[in-house]
Protein chains: 2
Amino acid sequence: MPTQISDIRDAGASTALLTDQYELTMLSAALADGSAFRNCSFEVFARRLPDGRRYGVVAGTERLLDALEQFRFGEPELAIVARFLDDTTVEWLRNYRFTGDIDGYREGDFYFPGSPILSVRGTFAECVILETLILSILNHDSAIASAAARMVSAAGGRRMIEMGSRRTHEQAAVAASRAAYLAGFDATSNLEAARRHDVPSAGTSAHAFTLLHTTEDGPDEAAAFRGQVAALGVSTTLLVDTYDITEGVKTAVAVAGPELGGVRIDSGDLGVLARQVRQQLDDLGATKTRIVVSGDLDEYAIAALRAEPVDSYGVGTSLVTGSGAPTAGMVYKLVEVDGIAVEKRSTNKASRGGAKKALRVVRPTGTIVEEVIYPAGSPAPVSEADGATELLIPLVREGKVVESAPTLEESRAVLKAGLVSLPWEGLKLSRGDSAVPVRFSGGEHQ
Amino acid sequence: MPTQISDIRDAGASTALLTDQYELTMLSAALADGSAFRNCSFEVFARRLPDGRRYGVVAGTERLLDALEQFRFGEPELAIVARFLDDTTVEWLRNYRFTGDIDGYREGDFYFPGSPILSVRGTFAECVILETLILSILNHDSAIASAAARMVSAAGGRRMIEMGSRRTHEQAAVAASRAAYLAGFDATSNLEAARRHDVPSAGTSAHAFTLLHTTEDGPDEAAAFRGQVAALGVSTTLLVDTYDITEGVKTAVAVAGPELGGVRIDSGDLGVLARQVRQQLDDLGATKTRIVVSGDLDEYAIAALRAEPVDSYGVGTSLVTGSGAPTAGMVYKLVEVDGIAVEKRSTNKASRGGAKKALRVVRPTGTIVEEVIYPAGSPAPVSEADGATELLIPLVREGKVVESAPTLEESRAVLKAGLVSLPWEGLKLSRGDSAVPVRFSGGEHQ
C-alpha cells in the first residue's frame, strides 16, 4: 500500500472517468474565475443511518487509496473530457496529481450520523473532482460491510461464506466479497476477490452437477456424489436437496462414508431440515459432517437459526444488496474555504460547516459512551485520560499514501474488536436508533 | 460487436475470475467422471418479478457478449485456480473457448416470470463455468433497466438525466448509466459511460461551487453564478437552492439574463417550488429557462410532479439501486442433458425441465396478449398469422457472436416500442401482477 501517487500510471486502468461531468465543469468555471486554488476542506459524512440501523461500518478506504493512485487523465480520458471542456481545463487535467491531505476513520471502524468519515484537504480544483470516485467506493463498500457485520453478529461465531456474486454487478461482486470479509465473513465464492484481495475462497456444488448425472433411467444422485467425492475428496460438501433431502443425505453418507465433510441444504424450512439432517447424520455415524445452509438468508434468518444445528451459512442476495440498504447515503461536502466555515442552508439539507475532528469516548470497561465531533482547530474537548481516542487517522499526506495505511486484515481486526465495544443495544437486529450518541462540541456552528 | 470470440485476448482484461469457485470444482469433478462433455442446455429465467412489479426489462446482453469474449484463463488466472484445481482441469481451462450456441430475448425486451431469457447450449463443461458472469451482468443491468423504464413512463416524455454514480459501486455506476439510457433516459452524468457506451453526458453544478465563492463578507451566490455563466455560457443550468431559492432565482436571472438555460432545485417540496420558480422566472422574462429537479426522486415522486412545470428530472439513488429491487432474481439452470429434460424437485425451487422457446402474441392493434413458452423441439403453438413472434434471437453460434447482435441504440428502440404495446395496466406504478400472462404449452412438463 505505501506508494507514491505520482509514481504509478497503469495504462488503461485510469479511474479518472469514473466521475460525474459536473465535477469537471465546476473545475472549468473555478479555473476561469480564479476560485480554483482556494484552500478547501471537504468532508464525507452520512446524514442518517439506513432506516432502523444502529451503526454503520466504514469500508472501501484501501480500495479508494488504490483508485486515487490511478486517478490520472491520459490521452483516452482527455479525449472524452475535451468534448465539453475548454483547453485550459484539459491541460490542467493532463497534469493532475492530487497533492493534498486526506484523513479518515479507520476502515472497519463504526460511523454514526454526522461522523466526519473522511476529510479531504487541498485546493478546490484538486479536491472537487474526487467526489464521485470517493462516494462510489465508500457508499457501496460501507453499505455491504454494514449489512455483513449484522449477519456476522447474528451468526454467533459460526462460519460464514459470501456467495452473492451472481446477484450483483460483476465488479461490485468483488468489492462486496472484500467488504464481507472485512466484516468477519470467513470466505467468499468469488475468485477475483481471492486474487485481488486475498480473501479465502470456498465453494460447494450446484444442483446442475447432480442433474447432469441424469440418464435415460432417471436421476442418479449417487453417481453425482461419487464424481464429486472422487475429484474433491471426502472433505467436500455435497448438495443434498436436489430431489429428496432424506434420500440425499443417506446417499451422501453411503457414497462418502461417515467422514464426509459437509452437506448443504439450499431450500425448504432450514431450521426443521437442519435438525432432521443432524439427527440422520448422527444416526449414520457421520457425527462430524457439517451442515451448511443457504437460500435467501439475511441477518434475521441467520439469527432465527441460532438454536439449530447449523455449522455454516452461505449468504448471497441479501449480502450484496446491503440487506435492504444497498447504498450508505454518504455525501461529500465542502465545509471550509480559506479558513471560512461554509454550509448549505436550504430545507432538510443543512450541513455543519467548518473542518471537524472526532473523538470516541470509551468507558474503562471498553464500552463506547459517545462520539464527540469538534472543530479541527480547537483542542480536544475530552482527554485521552478520560477515555477519548481520535477517530481520524492520516491516510494521504501531500499526495502520498502514508506508510502506515492499514491492510485488509488489520481493518478486519478493527471491526472485530469494535463489535465487542458497542453498547449492548447496538447489536440488536431490531429497528432502533444509533447505538452511540454523537455530540457536537464547541465551534461557532454548535 | 460481430467478432470471433477466439480472436480476442486483451491481456489484463480477463473476465474469467468473475466466477464462483464452485463452477470450477464442478467442472473438475465432471472432467474426472466423464460427464463433462454431455450436451447440455442451460436457461436463464426469473421465477418471479420484484414484489408488485408488472414487467421486467432484459438488459446487459451486449455487455455479456463482450465479457464472454474476454472469458479466458491466462497465466494470472490459472495461478489462482491452480490453488484448488487438479492439473487436468487447469490445462483444460488454459485452452478454454466457448464453442456453443446462445440465444436470448432481445436486449430491451420485456420478460415475465418464467420467460426463458437466455438459452446457453454446449457441453456441460463449457456452459457451467459461465453461470456467474452471465447472472451478474443480467441481474444487475436488468434490475436497473426495469426500474428506469418505470421512471421514464412516469416522466411522460420529460427529459431524464441519470446522476446516481455516487451512490453505487464505481463500475456498477457505468453499467447503470447504460441501462438507464437503454430504458429511455436522455443522458448520464457518468463520463466513463459516455466513453465506453456512447451515452450522452450532461451535468449542472453542485452546492460546493456556490459555497466556494464565500468570502470574509459571507456568501456570494452571484459570484458563483457569474463564474459558471462566464465559463459555460448562458445555456448552463444554475443550482439555485444553496441559500434561499427565491433569491437564488432572482440572482440567476440577474447574472445570466432571461436567456438562462436552466435552474436546478435539489431540495424542498419540489412540486410547490417548481410552481413558484416557474412563476418567478416567467415574471422575470425568463420564459424559456428550464426547471430541473433532483433530490431523492423515484418513479412515484416523478409521477407526483406530472402536473407541475418541471422540464427535466435528475435521478440518482433510486435509479442505481433498482428502486427497491437492486437485483433481478434471475437464475441459470440446467434444463436438458443429452436430450433428457431435467429439473430440481425440492421445495419451492422446482424448475421446468427441457429446453424451451417462447412466443409473444400480439393483437392486430399492437397490444400484447400473452407469452407462450413451449418445448424447443416442438412446432410453435401459435402461428405468425395469429400474431405470434419468436422471442429468442441467435446471439452466439459455435462460439462466435452473430453479425446481427443489436447495438445499444437498437435495444433502446426495442424498449421504446415495447412500452406502447403493454396492456394498459402494465404501465401502472402501483403494485400489481405481471402485465402479461405466461402460458406453458405442450411438452411432458406442462
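The largest cavity in this predicted model has a volume of about 160 Å³. Of the 16 residues that line this largest cavity, A:T168, A:V320, B:T168, B:V320 and B:P326 are the closest to its centre, and the lining as a whole divides into 6 nonpolar, 8 polar and 2 charged residues. In total, the structure holds 6 cavities of 30 Å³ or more.

The second largest cavity, for its part, has a volume of about 60 Å³. The residues that line the second largest cavity are, from chain A, A:M163, A:R166, A:S189, A:A202, A:G203, A:T204 and A:R264, and, from chain B, B:D20 and B:Y22. By class, the lining of the second largest cavity comprises 3 nonpolar, 3 polar and 3 charged residues.

| Cavity | Volume | Lining by class |
|---|---|---|
| Largest | about 160 Å³ | 6 nonpolar, 8 polar, 2 charged residues |

Turning to the helices, α6 of chain B runs through residues 131-155, and its 25 residues reach 36 Å from the first C-alpha to the last, a span close to the 36 Å expected at 1.5 Å a residue. Helix α6(B) is also mostly covered, in that 24 of its 25 residues are buried, where buried denotes a relative accessible area under 20%. Just after α6(B) comes B:G156, a residue that takes a positive phi of about 55°.

Notes:
Residues are numbered from 1 along each chain as its sequence is written. Chains are lettered from A and ligands numbered from 1 in the order in which they are written. This is a predicted model: local features need pLDDT of at least 70, side-chain atom pairs count only at pLDDT 80 or more; totals for chains, interfaces and linings use all residues. Side-chain values use heavy atoms; hydrogens and water are left out. Helices (H or I, at least four residues) and strands (E, at least two) are DSSP runs, numbered from the N terminus. The expected span of a helix is 1.5 Å times one less than its number of residues. Buried means under 20% relative accessible area, exposed over 50%, partly exposed in between (1.4 Å probe, protein chains only). On a 1 Å grid over the protein atoms alone, a cavity is a set of points where a 1.4 Å probe fits but cannot get out, and a pocket is an open set with protein on both sides within 12 Å along at least five of seven lines; lining residues have an atom within 4 Å of a point. Grid points are joined across faces, edges and corners, and a volume is the space filled by probe spheres set on the points. Ala, Val, Leu, Ile, Met, Phe, Trp, Tyr, Cys and Pro count as nonpolar, Asp, Glu, Lys and Arg as charged, and the others, Gly among them, as polar.
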